[in-house]
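Subject: Structure handover

Hi,

Here is the structure I promised to pass on. Please open it alongside this note. My findings follow below.

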Amino acid sequence: MKVDVLIIGGGAAGLMCAMVAGYRGRSVLVVDHANKVGKKILMSGGGRCNFTNLGVTPAQYLCTNPHFAKSALARYTPYDFIALVEKHRIAYHEKELGQLFCDDSSKQILRMLLDECAAAGVRIETSCGVERVRRDEEGFAVKTARGEVHADSLVIASGGLSIPSMGASGFGYELARLFGHAVLPTRAGLVPLTLSGKHQEHYQDLAGVALPQVEARVGKQGFRAGMLFTHRGISGPSILQISSYWQPGDDLRIDLSPDTDVGDWLIAQRAERPAAELKNVLADLLPKRLAQRLCERWLGNRPMRQWQEHELRGLGQQLHDWPITASGTEGYRTAEVTLGGVDTDGISSSTMQSKLVPGLFFIGEVVDVTGWLGGYNFQWAWASGQAAGEVV
Ligand code: FDA
């Protein structure tokens, strides 16, 4: 079979690229080894797909070259995607911090992309793996489970390694290497952190305890949002966000009460209830079980009147700078994204085309561009898919 454009991977980026190229009159085939396309779209945002973020800027992306994502993000903005969502009459709302979600279901986003692909004449083959890819005189010859496909342009949209049970594979990285591209080391991002040793011992039975607002920090990077204790460690939005910046051995600090000056607050509490024990006072500021545990294992526990002012200020400092030693992450099994990937040095930032192999494109998560939590990763998938779709 001969097509103009063969796209490997029918996820967010692949479907967007297919639609744009199809509308340009290109014959487009999308192959996906999974039995359904867009599985991550379906499971995203707790089933409501956080499909973009109104505050997207390149600063919310991790990439070895911080300038790489600028061009594509500027040319396809959240408002372009919102226009598409509105054209399909999909109801949506802003949850917080510019994060846009469907009111009903992420199925609507996938349906929208599939309807657009159908209207653009795109052909999609599922349960169709790729066995071999080689360059030929006209472009690319790709041996798929349904036979050999010849294509002028080959787009790699096979995503990263997160959630292998959803069809994730290292295919894109292997293919990139095969064609001479550098692939930067990959690791799980937007992922819960695990604790071990005494930290795990001290806190594991707090699983389920949640704090609505903490600030998790690694070096100069910090995120204010909720935190949750799990059976294996810590999670919640602040931890998922900081996990993309954390590497084993890094110093992780958590401000357990970023909106209150805890030292001042404790001094005021001492005046109000001098006989109360610290753990009971702190239970007004933090979840009760956590307050008790911190007092048992770390801070100590005495009636308020027995603490000197400088000691209460010291306690405040400790709670604003809780040193918790993470031992690792939960890995690709639960990670929302994969950090690292195909080195952007070898890719054009305006078209996503390989600088080494004309006609070869890399889009979406397979590229070394990873967004924060909050709709940024889909926006990168749409924007990079659009950039390639315009030129394939
Ligand atoms: P994606 O992974 O979507 O698609 C890759 C496709 O390639 C898959 O269909 C796969 O089957 C196929 N494939 C892989 N190997 C292949 C091979 N060898 N041959 C053929 N096909 C192959 N982001 C966000 O912005 N908002 C959100 O709400 C969420 N929520 C979310 C929840 C969960 C649980 C996860 C795991 C992730 C998110 N994300 C997210 C991240 C977001 O899903 C992700 O960044 C994009 O789906 C990436 O799009 P891609 O198209 O690049 O890869």
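How far does a backbone N or O atom of Ala12 lie from an oxygen atom of the ligand? The separation is 3.1 Å. Bear in mind that this is a predicted model.

**Ligand site**

For Gly375, a backbone N or O atom lies 3.5 Å from an oxygen atom of the ligand. For Asn377, the corresponding distance is 3.4 Å. Taken alone, the ligand exposes 1000 Å², and the protein buries 93% of that.

There are 29 residues around the ligand. Those that come nearest are Asp32, Asn50, Ser169, Glu365 and Phe378. Three helices each supply at least two residues of the shell: H1 (12-23), H2 (39-43) and H13 (376-389). H13 gives the most, with 3 residues.

E3 and E6 (residues 99-102) pair over 3 bridges, in the antiparallel sense. Look at Asn53: its bridge partner in E6 is Gln99.

**The seven-stranded sheet**

A second open sheet has 7 strands, again paired antiparallel. The order is E17-E16-E13-E14-E15-E12-E18. Here the edges are E17 (322-323) and E18 (326-329); each has a single partner strand, so one side of each is left without a neighbour in the sheet.

E18 pairs with E12 (residues 193-195) over 3 bridges, in the antiparallel sense. Within that pairing, Thr194 has Gly328 of E18 as its bridge partner. Helix H12 (residues 309-320) packs on this sheet and touches E13 (210-218), E16 (252-255) and E17. The direction of H12 makes about 120° with that of E16.

**Helix H9**

Which residues of H9 are buried? They are Val262, Gly263, Trp265, Leu266, Ile267 and Gln269.

The N-terminal end of H9 is capped by Asp261. A side-chain oxygen of Asp261 lies 3.2 Å from the backbone nitrogen of Gly263.

Best wishes

Technical notes
Residues numbered from 1 in each chain as written. Predicted model: local features only at pLDDT ≥ 70, side-chain atom pairs only at ≥ 80, totals over all residues. Heavy atoms only, no water. Pairing = 2+ DSSP bridges. Helix = DSSP H or I, 4+ residues; strand = E, 2+ residues; numbered from the N terminus. Contact = heavy atoms within 4.5 Å. Axes fitted to C-alpha atoms, helices over the stretch in contact; angles between N-to-C directions. Buried < 20%, exposed > 50% of the residue type's maximum accessible area, 1.4 Å probe, protein only. Polar contact = N/O pair within 3.5 Å; in protein donor to acceptor, adjacent residues only side chain to side chain. Near = heavy atom within 4 Å. Areas by Shrake-Rupley, 256 points an atom, 1.4 Å probe, with all protein chains shown as cover.
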